[in-house]
Amino acid sequence: MNKTLFMNFSPNKNGNTNFIGEKLLKNIDHETLQMVDYKISQYGQVFEDDQISEVFKKIKDVDTLVIGAPVYWYTVGGLLKTFIDRLYMLDEAQILKEKKLYLFAQGSAPSKDTENSITYLATRLCYLMEMKLKGVVVDSSDGGKILNTMTVE
Ligand SMILES: Cc1cc2nc3c(=O)[nH]c(=O)nc-3n(C[C@H](O)[C@H](O)[C@H](O)COP(=O)(O)O)c2cc1C
């Protein structure tokens, strides 16, 4: 198995996050998940139409995850933050173990503090979920730094 899943955590299916992610993976066979299409409840909410299990079904079959998110309010946008919150104490999340993660975020003008904070988040996420962090880049919306420095294998 050497499959790659790109998870676009922007509400814009054709926005900057999606554009950068698809460009990053142009030579790599992959599936794209538009996370805005899935109903992911907030941690602690109990809704019958929650779809996090459907997302895990997609993740189960791959060994590489590429997560892309826009910067909102100096950190990752809410779609990604909600997904990460949900991983806490969730049995299904065990399948993330050993998976490789590339995480990028882009915003109109992300500050150094934003970059440090998102890098810290990705590092701790991988440590706690026992994932392998292969790259984390925070960039401006043109994605130049992401595309120049992140090489997805
Ligand atoms: C609610 C909101 C908050 C934002 N906050 C920031 C921010 O703190 N820093 C930043 O650099 N850009 C910020 N932006 C700009 C977006 O990150 C930027 O437009 C991004 O390219 C959108 O990505 P998308 O096209 O994939 O949706 C914000 C945008 C929105 C809608």
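1. The largest cavity has a volume of about 50 Å³. This is a predicted model, in which local features need pLDDT of at least 70, side-chain atom pairs count only at pLDDT 80 or more, and totals for chains, interfaces and linings use all residues. Residues are numbered from 1 along each chain as its sequence is written, and side-chain values use heavy atoms, with hydrogens and water left out.

2. On a 1 Å grid over the protein atoms alone, a cavity is a set of points where a 1.4 Å probe fits but cannot get out; a pocket is an open set with protein on both sides within 12 Å along at least five of seven lines; lining residues have an atom within 4 Å of a point. Grid points are joined across faces, edges and corners, and a volume is the space filled by probe spheres set on the points.

3. Leu65, Ile67, Phe83, Ile84, Leu87, Leu96, Leu125 and Met131 line the largest cavity. Two or more of these lining residues come from each of β3 and α3 (78-86). Helices (H or I, at least four residues) and strands (E, at least two) are DSSP runs, numbered from the N terminus. The lining has 8 nonpolar, no polar and no charged residues. Ala, Val, Leu, Ile, Met, Phe, Trp, Tyr, Cys and Pro count as nonpolar, Asp, Glu, Lys and Arg as charged, and the others, Gly among them, as polar.

4. The largest pocket holds about 410 Å³ of space. It has 17 lining residues, and Leu87, Tyr88, Met89, Leu128 and Met129 are the closest to its centre. Helix α4 gives the largest share of the lining, 5 residues. By class there are 10 nonpolar, 1 polar and 6 charged residues.

5. The second largest pocket has a volume of about 160 Å³. Its lining includes Asn2, Lys3, His30 and Asp61. At least two lining residues come from each of β1, β2 and α2. The class count is 2 nonpolar, 3 polar and 6 charged.

6. Asp63 deserves a look. It sits in the loop between α2 (52-60) and β3 (64-72). Asp63 is buried (under 20% relative accessible area; exposed is over 50%, partly exposed in between; 1.4 Å probe, protein chains only). Yet Asp63 has no salt bridge, and the nearest side chain of opposite charge, Lys100, is 4.9 Å away. The Asp63 side chain does reach the backbone nitrogen of Lys3 at 3.1 Å.

7. How many salt bridges are there? The count comes to 10, each a side-chain nitrogen of Lys or Arg within 4 Å of a carboxyl oxygen of Asp or Glu. Asp37 pairs with Lys13, with the closest N and O atoms 2.8 Å apart. This pair links distant parts of the chain, 24 residues apart: Asp37 is in the loop between β2 (30-34) and α2, Lys13 in the loop between β1 (4-8) and α1 (16-24). Asp37 is partly exposed at 44%, and Lys13 is partly exposed at 36%.

8. Lys39 and Asp49 form a salt bridge at 3.2 Å between the closest N and O atoms. Both lie in the loop between β2 and α2, so the pair ties together parts 10 residues apart in sequence.

9. Glu115 and Lys112 meet in a salt bridge (3.5 Å, N to O). They are 3 residues apart in helix α4 (residues 112-129), which means a separation of about one helical turn. Glu115 is partly exposed at 21%, whereas Lys112 is exposed at 53%. Lys112, Glu115 and Lys145 are linked in a network of salt bridges.

Definitions and conventions: Lys, Arg positive; Asp, Glu negative; His and termini not counted. Polar contact = N/O pair within 3.5 Å; in protein donor to acceptor, adjacent residues only side chain to side chain.
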